[in-house]
Amino acid sequence: MLFGEPNAITTDDIALRGQECPRSGNSPPANPRPVIGKIRRFTFGPTAYDGHPMKAVILNNTVLRDGHQSLAATRMTTAQMLPACADLDGLGFGALETWGGATIDSCLRFLGENPFERLGTLKAALPKTPHMMLLRGQNIVQYTSFPDDVVTAFVKCSAARGMDIFRIFDALNDTRNLVTAVKAVRDAGKHAQGVICYTTSPVHTVDMFLKLGVELEAMGCHSICVKDMAGLIPPHIAHTLIKGLKERVKIPVVLHSHDTAGLAGAAYYAAVDAGVDSIDVSITPFANGTGQPDTVRMIALLEGHPRQPAHNPAALQKLREYFTGVYAELGKFTSPANERVDSDTLCYQVPGGMLSNFRNQLKEQNMGDKFDQVMLEIPYVRECLGWIPLVTPTSQIVGTQAMLNVKFGRWKNLSQPAIDILLGKYGRTPGPVNAELLEMAEKKTGQKRIEGRAADLLEPRMEKLKAELAAKGLPATDELAVLHAMFPQELAKIYAPKPAETAAAAPAKPAAPATPAPASTAPAGPGKRYNLTLGGKVYPVSVEEV
Ligand SMILES: [Mn+2]
């Protein structure tokens, strides 16, 4: 084993400060730095992995979701996935991540596909392996909060199409934003996986994450995923965190990381030593870099380890060859910047896919030369917004605000989503938000910060959504209603009459094509488009998650 236990380790000694980053500007931090209090002490027992020492670690495969989301702007089509399905299904992966995250947005916005039909098709093509999806809690697969009835309907529809494991996260780790989704998944008889979004900051400690894990189990989650979306977790911390969780909870624990900074393979290895039940891998070339470690590479890393899983090198090689062809087909959306290991992410914590996309965004804003300045502003903005983890949608919110601060001066323009964070509309922030900024936000909006669960303020919407669909002449099904709630324009485009059909009726004005042409700017992902009106000018900003 990598890690002996020469001394008892106490987790409250481990504050997760991450890399020291240079601070932009000369002004002191706007927040008084919260004190990291002495939290409950405990020591590790003598054994390294006291579950089943010889039980192989389970591998989950992400190539059909996070793999291409991280390395090819989520552009893999269902048609490109299907030829790989028989081999993927036969390899004995614990789960295949096939849906959720940005795939639903991408299906509608770029690929002209009905995402629920994709799920049904993939379920039929991959009948043996459990399907897994990424769900953003109360945000479903969008960027703002939805009422409980929409969240519940979405889960029901996904379960009916064959989704098995729902990996549910909240960007602020506010469990109040997970409750509805967890209950809906349990009611549907499916597997609810609660997520700990891993990040580093002066207010985050291993102990805080362990407490969150215990809370997730108590909430009824069937398993826990440590989601390291920006690839920040170092091996020793991974070991400490996973081991601590395994000692406190009875449900399985998964580690999900990205190789953006080159840490994921080693972090996984340490987690395997610590007793992690499963880890997420992908398949080259939709692996490594900003994606998950490649399956073959991870198995090779575990060579000689008692927990190395059995594998089928020939089938894996065949898949690798197949996906190499798909990667070439998606060349417009891939980038060497995503493929290489880049330690920048350790400093700025910006998820890898967002980093490359952000470069393009700044160029579009004529701010290409301001990249470093904006990156330096990100930790400062994050601190002022209560040290929120950077994951969709908070990564976009912090990135956009940092850009505005650099462009117009600090806090001269406060974006609406940043205001909503300050007002508590996304949930409880890990640290306190900057008091002056909060005052500014309250003055500007005439609203007070809310302390309760934001979704409690939202009226049920399903009936209204169905009425809207009916008024447009579309079928008023639950599936279309939840898509209409999140992606009204994109859904309308998919169902717009084809140009050929309208040619006779209105030849002068053809309808929008069902399959929009791919965006001309290379890896522009299916990110949120913010239209920021500043000083009378509209600035479109878009960034994407990893
Ligand atoms: Mn990920």
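Helices (H or I, at least four residues) and strands (E, at least two) are DSSP runs, numbered from the N terminus. Residues are numbered from 1 along each chain as its sequence is written. The model is predicted: local features need pLDDT of at least 70 and side-chain atom pairs count only at pLDDT 80 or more, while totals for chains, interfaces and linings use all residues.

The protein chain holds 23 helices and ten strands. Of its 546 residues, 53% count as buried, that is, 20 or more other C-beta atoms, placed from the backbone, lie within 10 Å of their own.

Helix α17 covers residues 394-408. Its 15 residues reach 21 Å from the first C-alpha to the last, close to the 21 Å expected at 1.5 Å a residue; the expected span is 1.5 Å times one less than the number of residues. Of the 15 residues of α17, 13 are buried. Just after α17, G409 takes a positive phi of about 100 degrees.

Another cis peptide bond joins T284 and P285, where omega is about 5 degrees. P285 sits in the loop between β8 (278-281) and α11 (295-301).

Most residues other than glycine have a negative phi, and most peptide bonds are trans. A73 is not a glycine, yet has a positive phi of about 50 degrees. A73 is in the loop between α1 (63-71) and α2 (78-81), and counts as buried because it has 29 C-beta neighbours inside 10 Å. I140, also not a glycine, has a positive phi of about 55 degrees. I140 belongs to the loop between β3 (131-135) and α6; with 24 C-beta neighbours inside 10 Å, I140 therefore counts as buried.

Helix α6 (residues 148-160) packs with helix α21 (residues 478-486): their axes, lines fitted to C-alpha atoms over the stretch in contact, come within 9 Å and cross at roughly 130 degrees. Angles run from 0 to 180 degrees between N-to-C directions. The two helices are therefore oblique, the class left over when angles under 35 degrees count as roughly parallel, over 145 as roughly antiparallel and 65 to 115 as roughly perpendicular. In α6, V150, A153, F154, K156 and C157 meet D478, E479, A481, V482 and A485 of α21, contact being C-beta atoms, placed from the backbone, within 7 Å. By class, this contact has seven nonpolar, no polar and three charged residues; Ala, Val, Leu, Ile, Met, Phe, Trp, Tyr, Cys and Pro count as nonpolar, Asp, Glu, Lys and Arg as charged, and the others, Gly among them, as polar.

Notes. A residue is buried if 20 or more other C-beta atoms lie within 10 Å of its own, exposed if 12 or fewer, and partly exposed in between; C-beta atoms are placed from the backbone. Two residues are in contact if their C-beta atoms, placed from the backbone, lie within 7 Å.
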